[in-house]
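Please look over the protein chain shown here before reading on. The briefing below starts with a definition and then goes through the topics in turn.

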Amino acid sequence: MKFFKTTLFLLLISASTAFGQQKLGYNLKKGDQFNLTQKSLQTIKQSITGMEIELVNDIYAEFLLTVVEVNKDSYMIEFEFTNFAYEMRSDTMGPMLSVDTSAEEYDENDVTQTIFRGLLNVPMTFEMLKTGRIIDITGGDALIDNMLKKSGITDEMQLAAMRQGMEKEYGGQKIAAGFEQFTYIYPESKKRKGDTWETEIDGDLKAQHVWTLESFNRNIANIVGTADIQMNIDSGSAKIQCEGTQTTTVVVDSAHGFMTTYHSESTAEGESFVTALGDESIPTTITTITDYTINK
């Protein structure tokens, strides 16, 4: 009888433990579509020869994701921009660049305006694991080709120089690394409320995340994260090297695993180098606030 009670007790404990564990990840079907909106506000503060300068990058983007193939361990997802707006402004110079592809009227002779319209409706396809890690992407060259075509520029040397710059900003791998910031949030194994796990993202922005499952039910899961981040950006004429921290809160739909809201805030400090100033280092602080939401 004692053996029976002990066995029953262990079975009940085992069942309770298993019941509390949740398999987190993506559960997508072919044909699933998600319309996403991104809003990012980045503030860069620098001290150059005793002068304090503040530069703001304000980004708004809309894009469509479509699941085109479901494999055992991964998904093939088609992605395309449907709208894009970008403003760069300075506290000393005011607006320096402003683009809004939703504007019906624009100066067709303005190369910047036409180039950014080349971002729209060009499909790229990436392969994403059920954890959210992106392992392959295709179509980046077609995106850059379309942007160059929209520019109207025909000089081959000028086009080659532009392509080189665009590949750093809009190449497939750069876009994939950006997407992983909000897709790669899931662990390999089952977790219960309060459990933690880690993910690591490479690229210009390296991040070592520690995630915590705050809550889970049949409708939503709440996940929070903290991360140590490193920025190492080289545009050719300028370099930025900064380190800092990031906090993230994500609400996901438990049915398919895709986030409904994503909010992150980061602060990084370090130094910048500008070719025109030689080896002089520029003290730099970068704060970034990013939100992704599903458009229903």
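Buried means under 20% relative accessible area, exposed means over 50%, and partly exposed lies in between (1.4 Å probe, protein chains only). Ser264 has 6% relative accessibility, so this residue counts as buried. The model is predicted, so local features need pLDDT of at least 70 and side-chain atom pairs count only at pLDDT 80 or more, while totals for chains, interfaces and linings use all residues. Residues are numbered from 1 along each chain as its sequence is written, and side-chain values use heavy atoms, with hydrogens and water left out.

**The chain as a whole**

- The protein chain has five helices and twelve strands; helices (H or I, at least four residues) and strands (E, at least two) are DSSP runs, numbered from the N terminus.
- The C-alpha trace spans about 90 × 45 × 30 Å along its principal axes.
- Of the 296 residues, 39% count as buried.
- Among contacts (heavy atoms within 4.5 Å) with a separation of 6 or more, 57% come from residues 24 or more positions apart.

- Ser264 is part of strand S11, residues 259-274.
- Apart from neighbours within four places in sequence, Ser264 is in contact with Gln246, Thr247, Thr248, Thr288, Ile289 and Thr290.
- S11 and S12 pair in the antiparallel sense over 13 bridges; two strands pair if DSSP finds at least two bridges between them.
- Ser272 has Ile282 in S12 as its bridge partner.
- Six residues lie between the strands of this hairpin, where Gly278 takes a positive phi near 65 degrees.

**Salt bridges**

- The structure holds six salt bridges, each a side-chain nitrogen of Lys or Arg within 4 Å of a carboxyl oxygen of Asp or Glu.
- Lys45 and Glu54 form one of them, with the closest N and O atoms 3.9 Å apart.
- Lys45 counts as partly exposed at 45% relative accessibility, and Glu54 counts as partly exposed at 28%.
- Arg89 and Asp58 meet in another, at 3.6 Å from N to O.
- That pair links distant parts of the chain, with Arg89 in strand S3 (residues 74-90) and Asp58 in strand S2 (residues 51-70), 31 residues apart.
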